[in-house]
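Hi,

Have a look at it first, then read on.

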Amino acid sequence: MDQPKNTPPQAGSGNAKDEAQSTHARLSPMMIRIRATMAAAKHHGIDLDMRDLATEPGEDSPSPATLARWLNGQGLVAKGMRLKWRYLIRLYNSPPVVLMFKDGSAGLMVGVNPQKRVVFLRDPLGKETDQPVAVDEFRLRQAWTGDVLLVKRNRNLSEADAKINFAWLFKMVLRERASLRDIAIASMVISVLQIFPAFIVMQVVNRVIAFHSTATLISITGLLIVLCFYEVLISYARRELTAVLANRLDARISIHTYNRLLSLPLEFFERQQAGRIVGKVSQIYQVRDFITGRLLSTFLDLFTLVVILPFLFYISATLAWMTVAAAGAIGLLVVAFMPPLMKLYNKRIEAEMTRGSMMYETVAGIRTVKTLALEPARRQEWDEVIAEVSKWRLSTSRMQNWPETLVMPLDFFINRGVILIGAFIAISDPTSGVDAGSVVAFMMLGGRVAAPLVGLAKLMSSMLEVQTSLGQAGEILNNPTETKELTTGLRPKIIGALSFEGVNFTYPGGSNRALKDLTFSIPAGTMLGLVGRSGSGKSTITRLLQGVSRNYTGFLRLDGVDLREINLTHLRRSFGVVLQDNFLFRGTIRDNITAGRPGLTMDDVIRAARLAGAEEFIERMPAGYDTFIEEGSTNISGGQRQRLAIARAVILDPKFMILDEATSALDPESEALVNANLERIAKGRTMVIVSHRLSSLVNCDKILVLDQGVMQSIGNHEELLENCEIYRTLWLQQNRHTQAREQAKKDNSADDSLVPEGA
Ligand SMILES: Nc1ncnc2c1ncn2[C@@H]1O[C@H](COP(=O)(O)OP(=O)(O)OP(=O)(O)O)[C@@H](O)[C@H]1O
């Protein structure tokens, strides 16, 4: 237990201890801190990937806040905080706590004994079963900074991954109950303050005017000014609170929506039109507007009702009943028109969605539209879409116009008729208790009763609209996500040996198998070419490898590990993938190569660019690595874009690369350049290359020939030319001209040799 000063207490005993200490000696304090955090996460069943850790510039060792950011959102909830010893020893029921040490490393506290006033530390590099070591306050203080990282499993992973529906909305609004309570109190106070002016005016009319009392008028004026001042203040506070609440709800909805969208599997996006996805997901903003707008204001108006209604009954029950009855009739009218309105509303949304889709499709496919001069056809189609939208918009507005017109007489009755009736009662029946003051007070407050009741009725109709919008957004967002596969599973070190064992795969909804009983294996470091006619299943193989489709039968193993057991994020990160058409984001070349992945330095960017053969053209650009790439990468050539995509794929030094027609769209010169770079990159990696051009695959160690999902043969170029009919045919088709030229050359030389000497 004797430790030198300021050295973190080490756990373990005997040989294990020596071993652990020698590992400690090899690892930097920063690494020990990271490993301690990973061990705390592991306790909750979450394997963290160090590549997700984004350290702040200038940090020697990640701070608790940085570590917490790393853990949050990976199925864990983490919080960095400063704790006193006396609080630390109260954490007796907690899972492992990471204690930050002064040298930049960390310890893992796995238990406490408050009676003996000791905490138990376990070696962060050891096993969960290792014996922890008891450390007292004095010894811990020598190493501990006082900072801790508390980690717990996100109890409600379902909350992070919750489906978008009313229950979710309700829970989310409920989480803001503190703000809601404050707003409700402010609304109550405002309502009460609003009663006073009416009450005062009643007094002015009845007493001041009737008895010519100036003194009463002065005191009433003073009171009125004070009340106005309070109302201004409280209204300000309510608006401020409401704005904050609306913003928080907006942020929550937006973050959750985006997270769910990102966790949907790629297969889902392939089945849907992008425009439709965006259109439907955007419906969530209607829901947001409803919650932060109508729902909140009606909720607040109801408080007004609760306060004002008793007051109105106090002034005159007859007039109050008349007002409530008229307001109720308005509500009924609104509700009666709801079903037909909803029908029309749904049609309108559908038509607007089609309009959005078409707009998106036109912008996305504008090259094709322009080059094929499709503008007139598109315009005509657009006219039809717009006609449909106009039709349903107009019908909805017309239908909406009806209840709005029909409620007007009732509204007039509340605001004017009730007053007239009040005046009549006051004149005809002096014993009724209705006097001039009551009538004026009613005039001031009666209208405020109608608004919340009508609001309540409209709220019900809006609920239906929101239900529709929620349904639309849910149609996209509530599809099964791949969150579980992305956050759980094995994270083996990938070396690159690959084997397919009786793999069969059919696309969802497809009738034929895209891969039939595929069995082959390649050792790590192999360059494997995939060849076959169009539709033979080449891309399907790469899809299965990347875990895009997982519902295949048979086994697909990477270094002997079943692919389905491997964590999806880890799997995809371990691959470098270059496709035919690679999307570059708006931003600098450097941003595109790092693609926002944390922990990458400029040196990594330059190394990747060099490996991809992109360095030379980047350096020739005016701003070098800071050159801005426009949307659609219009300011660089196709060959340059491919080289940037390769740099982006190799920056993490993947041991496994997939190139799916990566050079097919390039001109021969760029293709030769990129192919030369690929051969360099291939050293020490497994590469799966799909290409239509067999000439770019001749150097592959193995070429797999597919036909209608069935493996025809596997071997190198020469072997296949000899043994595989399909390969030979494809090769001859593609190299007919070269063959013909070579034949012609041979013939010519043969002819020359026939010319008699001296001729
Ligand atoms: N998303 C999909 N949904 C349904 N069927 C699909 C899908 N993608 C491909 N297929 C079908 O699966 C089979 C294999 O397609 P795959 O894309 O793997 O062929 P390929 O050899 O890569 O073709 P190409 O060289 O034209 O890219 C084809 O019959 C194709 O029609």
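To start with the ligand: how many nonpolar, polar and charged residues does the shell around the ligand have? By class, there are 2 nonpolar, 8 polar and 2 charged residues. (Ala, Val, Leu, Ile, Met, Phe, Trp, Tyr, Cys and Pro count as nonpolar, Asp, Glu, Lys and Arg as charged, and the others, Gly among them, as polar.)

Before going further, the ground rules. This is a predicted model, in which local features need pLDDT of at least 70 and side-chain atom pairs count only at pLDDT 80 or more, while totals for chains, interfaces and linings use all residues. Residues are numbered from 1 along each chain as its sequence is written.

Back to the ligand. Around it sit Glu 270, Tyr 507, Gly 510, Ala 514, Gly 532, Ser 534, Gly 535, Ser 536, Gly 537, Lys 538, Ser 539 and Thr 540; a residue gets in if its C-beta atom, placed from the backbone, lies within 6 Å of the molecule. Helix α19 (residues 538-545) gives the largest share of that shell, 3 residues.

Two strands count as paired if DSSP finds at least two bridges between them. Axes are lines fitted to C-alpha atoms, for helices over the stretch in contact, and angles run from 0 to 180 degrees between N-to-C directions. Contact means that the C-beta atoms of two residues, placed from the backbone, lie within 7 Å.

Some of the pairings in that sheet:

- β12 and β15 (residues 656-660) are parallel over 4 bridges, with Val 578 opposite Leu 659.
- β9 (residues 527-532) and β17 (residues 702-707) run parallel, joined by 5 bridges; Leu 530 has Leu 704 as its bridge partner.
- β17 and β18 (residues 710-715) are antiparallel over 5 bridges, and Leu 704 stands opposite Ile 714 there.
- β17 and β18 form a hairpin with 2 residues between them, and Gln 708 in the turn has a positive phi of about 45°.

There is another open sheet, of 6 strands in the order β1-β6-β2-β3-β4-β5, with antiparallel pairing. Its edge strands are β1 (76-82) and β5 (133-136), each pairing on one side only. The twist averages 35° from one strand to the next. Within it, β2 (residues 97-101) and β3 (residues 106-113) pair over 4 bridges, and Met 100 faces Ala 106 of β3. Helix α2 (residues 29-43) lies across β1, β2, β3 and β6 (144-153), at about 45° to β3. Helix α3 (residues 64-71) packs on the sheet too, touching β1, β2 and β6, and its direction makes about 170° with that of β1.

Now the helix pairs. The axes of α8 (residues 177-211) and α12 (residues 284-315) come within 9 Å and cross at roughly 35°. The crossing is right-handed, meaning that the near helix is turned clockwise from the far one by less than a right angle. Contact residues include Ile 183, Ala 184 and Met 188 of α8 and Leu 300, Phe 303 and Val 307 of α12. By class, this contact has 10 nonpolar, 3 polar and no charged residues.

α24 (residues 638-650) and α25 (residues 668-681) pack at about 15°, with axes 10 Å apart. They are therefore roughly parallel (angles under 35 degrees count as roughly parallel, over 145 as roughly antiparallel, 65 to 115 as roughly perpendicular and the rest as oblique). Among the contact residues are Gly 638 and Gly 639 of α24 and Ser 670 and Leu 673 of α25. The contact divides into 5 nonpolar, 5 polar and 1 charged.

Cheers
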